[in-house]
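This report describes selected local features of one protein chain. The sequence and the structure are shown first, and the account follows.

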Amino acid sequence: MNAASPSATPPAKLATAMAARRTPEQVRARRALLWREMLTSLWAPLCIVAIAMFPYTLLIEYVPTAASWAQPAMKGLGLLMVAYFVALLIWRNVSPTEKKLRRLRHEAHELISENQRILQKPQVRERLSAPVTEQITDQALKVEAASAQGDADALVKEVRALESLTAQHLGAFRKESAADFVGGFVKMLLVALVFRTFIVEPYRIPSGSMLPTLQIGDQVFINKFLYGVRVPFANVVPFVIVRPPARGDVIVFNNPVNEATDYIKRVVGVPGDTVEMIDGVVYINGQAQQRELVNGEYIVHNISDGGQWFDQQEALYLENLSGVPHQVLQTPARMPRREGPYVVPEGHVFVMGDNRDNSSDSRHGLGVTGYGKTEFVPYGHIKGKAMVVWLSLGYHGLLHGLFGGTGLRVDRFFEPVR
């Protein structure tokens with residue numbers, strides 16, 4: 001190990017030193033390589049869709065009429081990204097040159113990152129002389145240049161040279177400490193946890209209780225911040241960010257009666273409302289909510305507990321719930337003359353499924369306490385508002401013949417949840 005003289009200036013961190021030594025040509029070559037690596041990564045099509053989803057979700061939420069052109073545009077982008085992903089997958093595995101270069105570039109990146117991790121520690125920098133750090137920096141730049149040029153033989157040679165220097169001068173520090181490993185893992189875990197807890201979360205539709213609005217197998221994104229930051233496990237919302245839940249919202253919530261289960265239903269009553277159903281018509285505070293029959297013999301596709309698809313015939317209505325139009329299903333023969341009244345307490349909502357006679361909702365104990373008990377959903381149990389269907393593996397989609405009638409429902413891609 002080369003010790004630094006008392007008057008020697010502590011060497012700079014590797015990333016800073018490399019940036020200071022790059023020529024304009026090297027800067028351009030590195031930038032081109034970074035773009036190439038990003039665009040040929042299998043994550044590229046997924047990231048492009050994710051980036052486009054943010055403005056799309058905001059647009060269809062606050063300008064509902066825009067969905068008429070925005071959804072086809074997003075669907076086209078999604079299908080294009082699927083083709084992009086498949087093309088990348090084939091190219092990356094068929095081209096021998098690309099496979100070799102990708103492996104070598106990964107090794108080069110890992111080795112430079114390891115040197116950066118070691119050299120950024122003050123105790124290491126103080127023990128190395130400036131000439132040694134300069135030598136490592138120069139060799140790291142040679143590795144970077146060979147990687148940018150796409151010369152496999154030159155890259156192997158430069159990586160070996162950097163590996164030799166690393167072993168000679170930094171060998172004693174190469175073993176990653178438990179603290180380094182745990183710290184990196186905790187950071188990644190925190191990022192994922194914050195994103196899932198406070199921003200957006202996926203949810204799969206497991207049953208037909210929300211037919212026809214949501215099909216079995218739909219995968220929806222939930223807006224976690226619209227109603228406020230929910231504290232997990234404590235089931236409280238300290239403050240509202242945009243607005244509280246409103247009539248007509250489709251929400252995902254942690255069942256307050258059985259907290260091991262998440263449900264998705266439509267908000268029909270908000271705090272202070274009196275909700276009734278008379279001959280199938282919803283009444284809010286004594287006011288009938290407009291509805292009209294669309295099809296008295298409408299067929300939807302439901303699924304049994306054993307995973308078998310079957311046809312379900314219902315009456316299809318278009319209901320307008322306080323200005324939120326949506327479709328509902330009802331069975332006229334089973335329709336009770338009167339349900340309720342249900343008075344919604346403060347800090348709670350009253351929910352129902354759109355498949356009105358086939359839904360374990362607030363009228364029926366949320367599927368736990370039974371038909372004789374009304375259960376409301378506390379604000380603190382609401383995870384968020386369902387915004388958009390981003391993927392659907394449902395009835396009669398692509399390749400359904402191979403999977404018992406279940407396939408990729410391209411027609412459901414980016415369907416707004418209304």
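This is a predicted model: local features need pLDDT of at least 70, side-chain atom pairs count only at pLDDT 80 or more; totals for chains, interfaces and linings use all residues.

Which residues do ring pairs link into a cluster? The cluster consists of Y56, F413 and F414, joined by ring pairs.

**Aromatic pairs**

A pair of aromatic rings is described by the distance of the centres and the angle of the planes. The count of aromatic pairs in this model comes to seven. Two of the pairs are set out in the table.

| Pair | Distance of centres | Angle of planes | Class |
|---|---|---|---|
| Y56 and F414 | 6.3 Å | 80° | edge-to-face |
| W309 and Y395 | 5.4 Å | 65° | edge-to-face |

Y56 belongs to helix 3 (residues 43–62), while F414 sits in the loop between strand 15 (406–408) and strand 16 (415–416), so their pairing ties together parts that are 358 residues apart in sequence. Y56 and F414 are both buried.

The second pair joins two strands: W309 is in strand 9 (residues 309–321) and Y395 is in strand 14, so parts that are 86 residues apart in sequence are tied together. W309 is buried, with a relative accessible area of 17%, whereas Y395 is partly exposed, at 25%. The two residues fall into separate classes because buried means under 20% relative accessible area.

Leaving aside residues up to four places away in sequence, K385 touches E61, F221, I222, N223, L226, Y227, R243, D249, V250 and I251.

**Packing of helix 7 and helix 8**

Two packed helices are described by the angle between their axes and the distance between the axes. For helix 7 (residues 130–149) and helix 8 (residues 152–170), the angle is about 160° and the axes are 9 Å apart. Helix 7 is therefore roughly antiparallel to helix 8, since angles over 145 degrees count as such. Their crossing is left-handed.

On the side of helix 7, the contact involves V132, Q135, I136, Q139, A140, K142, V143, A146 and S147; these meet A154, L155, E158, V159, A161, L162, L165, H169 and L170 of helix 8.

**Backbone features**

Most residues other than glycine have a negative phi, and most peptide bonds are trans. Where does the model show cis peptide bonds? One runs from L211 to P212, with omega near 0°, and P212 is found in the loop between strand 1 (200–204) and strand 2 (218–223). Another runs from G340 to P341, with omega near 5°; P341 is found in strand 11 (residues 338–343).

A positive phi occurs at N285, where the value is about 55° although the residue is not a glycine. N285 lies in the loop between strand 6 (281–284) and strand 7 (287–288) and is partly exposed, with a relative accessible area of 41%. L366, also not a glycine, has a positive phi near 50°. Its place is in the loop between strand 12 (348–352) and strand 13 (377–378). Is L366 buried or exposed? At 0% relative accessibility, L366 counts as buried.

**Separation in sequence and in space**

E110 is part of helix 5 (residues 96–119) and is partly exposed, with a relative accessible area of 41%. From E110 to G78 the separation is 32 residues in sequence and 32 Å in space, C-alpha to C-alpha.

Key. Residues are numbered from 1 along each chain as its sequence is written. Side-chain values use heavy atoms; hydrogens and water are left out. Contact means heavy atoms within 4.5 Å. Axes are lines fitted to C-alpha atoms, for helices over the stretch in contact, and angles run from 0 to 180 degrees between N-to-C directions. Helices (H or I, at least four residues) and strands (E, at least two) are DSSP runs, numbered from the N terminus. Angles under 35 degrees count as roughly parallel, over 145 as roughly antiparallel, 65 to 115 as roughly perpendicular and the rest as oblique. A crossing is left-handed if the near helix is turned anticlockwise from the far one by less than a right angle, and right-handed if clockwise. Rings of Phe, Tyr and Trp (its six-membered ring) pair if their centres lie within 6.5 Å; planes under 30 degrees apart count as stacked, over 60 as edge-to-face and the rest as tilted. Buried means under 20% relative accessible area, exposed over 50%, partly exposed in between (1.4 Å probe, protein chains only).
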